[in-house]
Amino acid sequence: MTEGYLYALLGLLSFGGLGIFHKLADTCKCRPAQVNALLYCWSLAFVAIALLVQNRGWHVPSSVPILALPFGICASIAILAFQAGIRYGDIATSWLAINLSSGLPTLASILIYHEPVGWRRGLALCLIPVSMTLLWKDKAEAERRRG
């Protein structure tokens, strides 16, 4: 197995674990801000361990913190919004919406960095609005049935 596949698998498992732990935290009535703070403390610890294991110490290119801080803040706000929204819907629907949001950076990378768009990526991007529309209709139908 190549290193790229290993990272993809670890990312997939970690991302799935986040969804499960967020739902568990909501079920246990944990406060979203504290869960979010704990999440980012652990991510800092994992990054520190990874840097030390790779014998880099704290030496990273100066562009890394410049990019990491605003993206980290955006991710933190997104997680807080996800935690607030999960109380009003199903985990499957909420997590699917979060996963579909990856289409925005993909679209930005195509427009800004002129990445090539194959037929599979193009089809996936075209299906994101369709998926969001179906989720919205499903949610409206579920609310109509509830009362």
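Helices (H or I, at least four residues) and strands (E, at least two) are DSSP runs, numbered from the N terminus. Residues are numbered from 1 along each chain as its sequence is written, and the model on screen is predicted, so local features need pLDDT of at least 70, side-chain atom pairs count only at pLDDT 80 or more, and totals for chains, interfaces and linings use all residues. Side-chain values use heavy atoms, with hydrogens and water left out.

**Whole chain**

Show the protein chain as a cartoon. Its secondary structure comes to six helices and zero strands. The pattern along the sequence reads α-α-α-α-α-α. Along the principal axes, the C-alpha atoms fill a box of roughly 60 × 45 × 30 Å. Colour by burial next. Of the 147 residues, 17% count as buried; buried means under 20% relative accessible area, exposed over 50%, and partly exposed in between (1.4 Å probe, protein chains only).

**Helix 6**

Select residues 119-146. This is helix 6, with 28 residues. From first C-alpha to last, helix 6 reaches 40 Å, close to the 40 Å expected at 1.5 Å a residue.

Is arginine 145 buried or exposed? Arginine 145 counts as exposed because its relative accessible area is 58%. Just after helix 6, glycine 147 takes a positive phi of about 160 degrees.

**Serine 76**

Jump to helix 3, residues 63-85, and select serine 76. Serine 76 counts as buried because its relative accessibility is 18%. Leaving aside residues up to four places away in sequence, serine 76 touches Asn36 and Tyr40. (Contact means heavy atoms within 4.5 Å.)

**Pockets**

On a 1 Å grid over the protein atoms alone, a cavity is a set of points where a 1.4 Å probe fits but cannot get out, and a pocket is an open set with protein on both sides within 12 Å along at least five of seven lines; lining residues have an atom within 4 Å of a point. Grid points are joined across faces, edges and corners, and a volume is the space filled by probe spheres set on the points.

The largest pocket holds about 1900 Å³ of space. Of its 40 lining residues, Leu39, Tyr40, Trp42, Ser43 and Leu44 are the closest to its centre. Helix 3 gives the largest share of this lining, twelve residues.

Next, the second largest pocket, with about 250 Å³ of space. Of the 14 residues that line the second largest pocket, Gly89, Thr93, Ser94, Leu135 and Lys139 are the closest to its centre. Helix 6 supplies the largest share of that lining, seven residues.

**Cavity**

Finish inside. The structure holds one cavity of 30 Å³ or more. About 50 Å³ of space lies in the largest cavity. Which residues line the largest cavity? Select His22, Ala25, Asp26, Cys30, Pro32, Val35, Gln83, Ile86 and Arg87. Helix 1 gives the most to this lining, with three residues.

Methods:
The expected span of a helix is 1.5 Å times one less than its number of residues.
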